[in-house]
Amino acid sequence: MKVLSVNLGRPTPSPDTGAPGGVTGIDKRPADGPVLVTDPGPKGRGGSGLAGDAVCDVRHHGGSDQAVYAFAREELDAWEAELGRPLPNGTFGENLTTLGLSVSGARIGERWRIGGGAVLEVTSGRIPCRTFAGHLGERGWVKRFTRTAATGAYLRVVEPGAIRSGDPVEVVHRPAHEVTAALHFRAVTTERELLPLLLAAGEALHPEALRKAREYVAAHAS
């Protein structure tokens with residue numbers, strides 16, 4: 001299990017974003033050297049956890065619980081075959097393109113040590129937005145991506161450190177529950193009846209998802 005590339009985005013004009021200034025950092029490219037990863041601070045103020053990476057709409061992206069986004073190279077390869085076009089590392093806006101690691105199948109609260117330094121913790125899956133759809137330029141992209149539930153994973157920074165391409169990834173903690181990034185994604189998008197299952201992940205879950213799960217349970221209590 002390893003990081004194939006660490007990807008950074010620069011502010012780029014886009015007609016598909018609601019960010020102030022009409023720019024997005026979704027078009028990410030592999031960095032040449034090590035990248036420092038730290039907790040960026042609360043959502044709404046903090047952006048990306050990676051030094052030099054742009055998060056242009058902090059209302060909806062970035063912050064402590066979405067500090068890093070990881071996506072598996074294996075899933076990119078599957079999309080390459082389906083779309084019939086090359087998808088270089090970073091195409092999906094991921095900060096970390098991984099190999100040999102179950103990213104969508106990672107459990108909420110699962111912790112990865114990368115390169116012997118940084119420790120990251122899985123918080124949720126990634127919800128596709130119109131900026132993502134516009135960036136890919138594929139018809140019906142949000143629905144197509146949603147159907148697969150191969151969502152990748154957002155992570156928070158537990159221990160800061162530098163990450164570079166080729167760094168090994170070690171799973172240092174895997175919770176006993178079965179709540180994965182993919183399950184979170186299904187519960188908050190197309191299968192809301194699954195929301196109560198998310199509570200097993202507790203405070204490790206992205207706080208917005210935890211609130212939705214609690215509200216659902218309260219509304220459906222007999």
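A salt bridge here is a side-chain nitrogen of Lys or Arg within 4 Å of a carboxyl oxygen of Asp or Glu. This is a predicted model, in which local features need pLDDT of at least 70 and side-chain atom pairs count only at pLDDT 80 or more, while totals for chains, interfaces and linings use all residues. Residues are numbered from 1 along each chain as its sequence is written, and side-chain values use heavy atoms, with hydrogens and water left out.

**Stop one: salt bridges**

Start by selecting Asp 27 and Arg 29. They form a salt bridge, with 2.8 Å between the closest N and O atoms. For accessibility, buried means under 20% relative accessible area, exposed means over 50%, and partly exposed is in between (1.4 Å probe, protein chains only). Asp 27 counts as partly exposed because its relative accessibility is 25%, and Arg 29 counts as exposed because it reaches 53%.

Now pick Arg 156 and Asp 65, whose side chains meet in a salt bridge at 2.8 Å, N to O. This pair ties distant parts of the chain together: Arg 156 sits in strand S10 (residues 153-159) and Asp 65 in the loop between strand S5 (35-37) and S6, 91 residues apart. Strands (E, at least two residues) and helices (H or I, at least four) are DSSP runs, numbered from the N terminus. Arg 156 is buried, since its relative accessible area is 14%.

Another pair to click is Glu 138 with Arg 144, a salt bridge whose closest N and O atoms are 3.9 Å apart. How many salt bridges turn up in a search of the whole structure? The search finds 17.

**Stop two: the sheet**

Switch to cartoon view. Eight strands form an open sheet in the order S4-S1-S7-S6-S10-S9-S8-S12, with mixed pairing. Two strands pair if DSSP finds at least two bridges between them. At the edges are strand S4 (28-30) and strand S12 (169-173), each pairing on one side only.

Zoom in on strand S8 (residues 111-114) and strand S9 (residues 118-124), which pair in the antiparallel sense over four bridges. Trp 112 stands opposite Leu 120 in S9. The hairpin of S8 and S9 has three residues between the strands, and there Gly 115 takes a positive phi near 65°.

Is S9 mostly covered or uncovered? It is mostly covered, with seven of its seven residues buried. S9 also pairs with S10 in the antiparallel sense, over five bridges. Glu 121 has Arg 156 in S10 as its bridge partner.

**Last stop: the lining of a pocket**

Select His 60, His 61, Gln 66, Ile 127 and Tyr 154, which lie nearest the centre of the largest pocket among its 43 lining residues. On a 1 Å grid over the protein atoms alone, a pocket is an open set of points where a 1.4 Å probe fits, with protein on both sides within 12 Å along at least five of seven lines; lining residues have an atom within 4 Å of a point. Colour H6 next: H6 gives the most to this lining, with three residues.
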